[in-house]
Amino acid sequence: MRGQVETEQKAAERLYAIAERWYGQLNEGQIPSIALPTRTKQNIEYDDGSGVWKYGDRESVRSAQTARGAVHLLKMAYVVGFLKQQLAENRSSTLREMYYISEGWKQAKFAAQDESNKLVEDLEILTDIQREVYHLRPEENGASIFGPIRVREQTRRGMRELHCQDDVGETGYQIPNNVDALEFVDHDANFVIALETGGMYARLIENGFDEEYGAALVHLKGQPARSTRRLLKRLHEEFKLPVIVFTDGDPWSYRIYASVAYGSIKAAHMSELLATPQAQFLGVQPSDIRDYDLPADHLSDQDVNALKAELTDPRFATEYWREQIGLQLEMGLKAEQQAFASQGLDFVTREYLPARLSEMGVL
């Protein structure tokens, strides 16, 4: 598509600009260097205006003045060349493959994949272009969407349109790595419900919840990949659909919701592309454990510490979360989504979800 071609051309130009900057420094007799936001917790700020995590004003300079700095810039130069080649040849690779490819870069090879991943993130910050545009993808995530959404995508046989309810199997349409290469054509959805577990995703499909309520179901598959969060953001912005997040009732699942709504500290440089601050948390709420007498497990010490940390997290700085987390610490219990099955296999779709969605003003 034309937009994708233009974006990739802009990406190539911005990669070239990095090399051009180093060339200019050398030409003027300067030691090559590059400035980047300091990637520490002390330089992560919660922006009240946009409702997402962003880097602050502190910067770190990577310079060839030291051997360590010179090697870092060398590695960056190799990655810049590698990504430019991918764009030129219209090829792609995984983050893991790039790490192994670096074995042939001699002094520029990476010691661990975490190092190469961070360097890619540095390039995202420097170019303001997400890695997916560079045809760089993570390992297969497998997250999917099922519901009344029609998309258009480029395939090896040309453009094709696909309905994410009528033209897919029982697991839905698999979300591609680069969601921005997708065109959202039209929809008959009333809202989007993002589900942490595959079991609950399958339950809603089997019970026909998508058809009865006009719901687009998105399987988060645990902590959601960037592509999944980008999909949710686009569905909200382009179709004006409410985004509802339904997870297990534990502190780690609440952080899944927070990453969808407000972004993550790790990907603070991409928060405005990935986060949907208007997303609402549905449950499992701690109060649900009490009100529905759900089968539950006791909180571990790690769970308790995580909940206490969330009480000081600006993403949870609301009266709702203070009450719910306070209640959970008092009860000492946590529960999974599937715990609703104790009330019957149809309970979650016939009673719980309609009641909660009505209470939230979605239905």
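Trainee: What is the bridge partner of Val 151 in β9?

Mentor: The partner in β9 is Leu 162. Keep in mind that this is a predicted model, where local features need pLDDT of at least 70, side-chain atom pairs count only at pLDDT 80 or more, and totals for chains, interfaces and linings use all residues. Residues are numbered from 1 along each chain as its sequence is written, and side-chain values use heavy atoms, leaving out hydrogens and water.

Trainee: Which strand stands opposite Val 151 with Phe 184?

Mentor: That is β11. β8 and β11 run antiparallel, joined by 4 bridges.

Trainee: What is the strand order of the open sheet of 3 strands?

Mentor: The order is β9-β8-β11, and the pairing is antiparallel. The edge strands are β9 (158–163) and β11 (183–187).

Trainee: What makes them edge strands?

Mentor: Each pairs on one side only. From one strand to the next, the twist averages 25 degrees.

Trainee: Which helix packs on this sheet?

Mentor: Helix α7 (residues 226–239) does, touching β8 and β11. Touching is contact, meaning heavy atoms within 4.5 Å. The direction of α7 makes about 55 degrees with that of β11. Axes here are lines fitted to C-alpha atoms, for helices over the stretch in contact, and angles run from 0 to 180 degrees between N-to-C directions.

Trainee: Where else does α7 lie?

Mentor: It lies across β7 (144–146), β12, β13 (215–219) and β14. There α7 runs at about 165 degrees to β13.

Trainee: Which sheet holds β7, β13, β12 and β14?

Mentor: An open sheet of 6 strands, ordered β10-β7-β13-β12-β14-β15, with mixed pairing. The edges are β10 (173–174) and β15. Strand β12 (residues 191–195) runs parallel to strand β14 (residues 243–246), with 4 bridges. Ile 193 has Ile 244 as its bridge partner in β14. Helix α13 (residues 347–359) also packs on the sheet, touching β12, β14 and β15, with its direction at about 145 degrees to that of β15.

Trainee: Why are α11 and α12 called roughly antiparallel?

Mentor: Angles over 145 degrees count as roughly antiparallel, under 35 as roughly parallel, 65 to 115 as roughly perpendicular and the rest as oblique. Helix α11 (residues 301–310) and helix α12 (residues 319–331) pack at about 155 degrees, with axes 10 Å apart. They are therefore roughly antiparallel.

Trainee: Which residues of α11 and α12 meet?

Mentor: Val 304, Leu 307, Lys 308 and Glu 310 in α11 meet Ile 325, Gln 328 and Leu 329 in α12. They divide into 4 nonpolar, 1 polar and 2 charged.

Trainee: How do you know which group a residue falls in?

Mentor: Ala, Val, Leu, Ile, Met, Phe, Trp, Tyr, Cys and Pro count as nonpolar, Asp, Glu, Lys and Arg as charged, and the others, Gly among them, as polar.

Trainee: What makes the peptide bond from Gly 283 to Val 284 stand out?

Mentor: That bond is cis, with omega near 10 degrees. Most peptide bonds are trans, and most residues other than glycine have a negative phi. Val 284 is found in the loop between β15 (280–283) and α10 (286–291).

Trainee: What is the phi of Asn 90?

Mentor: Phi is near 55 degrees, a positive value in a residue other than glycine. Asn 90 sits in the loop between α2 (67–89) and β5 (93–94).

Trainee: Where do the domains run?

Mentor: Domain 1 covers 1–137 and domain 2 covers 144–360. Such bounds come from an automatic or database domain assignment. Their centres, taken over C-alpha atoms, are 31 Å apart. In the contact, 21 residues of domain 1 touch 25 residues of domain 2.

Notes:
Helix = DSSP H or I, 4+ residues; strand = E, 2+ residues; numbered from the N terminus. Pairing = 2+ DSSP bridges.
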